[in-house]
Structures are given as structure tokens and as C-alpha cells.
Amino acid sequence: KFFEMVAKEAVHRKLRGFKPQEISNMVWSFATAGVHADKLYELVANEVVERQLRGFKSRDLSNMVWAFATADVYVDKLYEVVANEAVQRQLRRFTPQGLSNMVWAF
């Protein structure tokens, strides 16, 4: 019930005021708990693509795509912009765990 309420509130707010790490942490939490929240994942994917990943650290990106993959939610455009950003960052900013998460998610 708690997760459902959080998802509804985040969707209602359209993620306004949510920082990149907060977005990443939220979907990671839902995925880790095994809670399905399709509207939330859809909103996150659209918002992240719209923001063009501005402000997202490498850890945020790897945790986010891990969460999407764990939740069995695949949004091609999200994966495309994350992959392009990872290549642009030349993968140097990713920890070994982050790289592992990214590879597993794709």
C-alpha cells in the first residue's frame, strides 16, 4: 500500500522537484521491493529522456537502468539515451559495480 501511495504521489506531481538521484533511488527501491508501478516507470522514462540526463551522475544512470531491467520495463528511447551518454562519458566515471549494472541491464 505504501509503495502504491508513493507512486501515485510521484505521478501526480509529475516528478516536479525530484532531483536526478531521487528519481533513480525511487525506481531502484520499487524494483528492489518487487513492486510494479507501470505509470511511474513510464513517467520516469519520459522525464529522464526529456531532461536529456542533465544532472544524472553515472551512479544514477546505472542504478536507474538496473531498476528498469529488474522490473522488466524496457523503454527503447531511455536505453538509447543512457547508452549514448555512457559512451560519451567514455565509461570512466562508472564504478565497476556501475558498469556491471549497466551491462546486465542491457
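Leaving aside neighbours within four places in sequence, Ser-58 is in contact (heavy atoms within 4.5 Å) with Arg-89, Arg-93 and Phe-94. The model is predicted: local features need pLDDT of at least 70, side-chain atom pairs count only at pLDDT 80 or more, and totals for chains, interfaces and linings use all residues. Residues are numbered from 1 along each chain as its sequence is written, and side-chain values use heavy atoms, with hydrogens and water left out.

Ser-58 lies in helix H4 (residues 58–70). Helices here are DSSP runs of H or I with at least four residues, numbered from the N terminus. Ser-58 is buried, at 5% relative accessible area; buried means under 20%, with a 1.4 Å probe and protein chains only. Asp-38 is 20 residues from Ser-58 along the chain, and their C-alpha atoms are 24 Å apart.

Helices H2 (residues 20–33) and H3 (residues 38–51) form a pair. Their axes come within 11 Å and cross at roughly 150°. Axes are lines fitted to C-alpha atoms over the stretch in contact, and angles run from 0 to 180 degrees between N-to-C directions. H2 is therefore roughly antiparallel to H3, a term for angles over 145 degrees. From H2, Pro-20, Ile-23, Met-26, Val-27, Phe-30 and Ala-31 meet Leu-40, Tyr-41, Val-44, Val-48 and Arg-51 of H3.

Helix H1 (residues 2–13) has 12 residues. From first C-alpha to last, H1 reaches 17 Å, close to the expected 16 Å; the expected span is 1.5 Å times one less than the number of residues. Lys-14 follows H1 and has a positive phi, near 55°.

Conventions. Helices (H or I, at least four residues) and strands (E, at least two) are DSSP runs, numbered from the N terminus. Angles under 35 degrees count as roughly parallel, over 145 as roughly antiparallel, 65 to 115 as roughly perpendicular and the rest as oblique. Buried means under 20% relative accessible area, exposed over 50%, partly exposed in between (1.4 Å probe, protein chains only).
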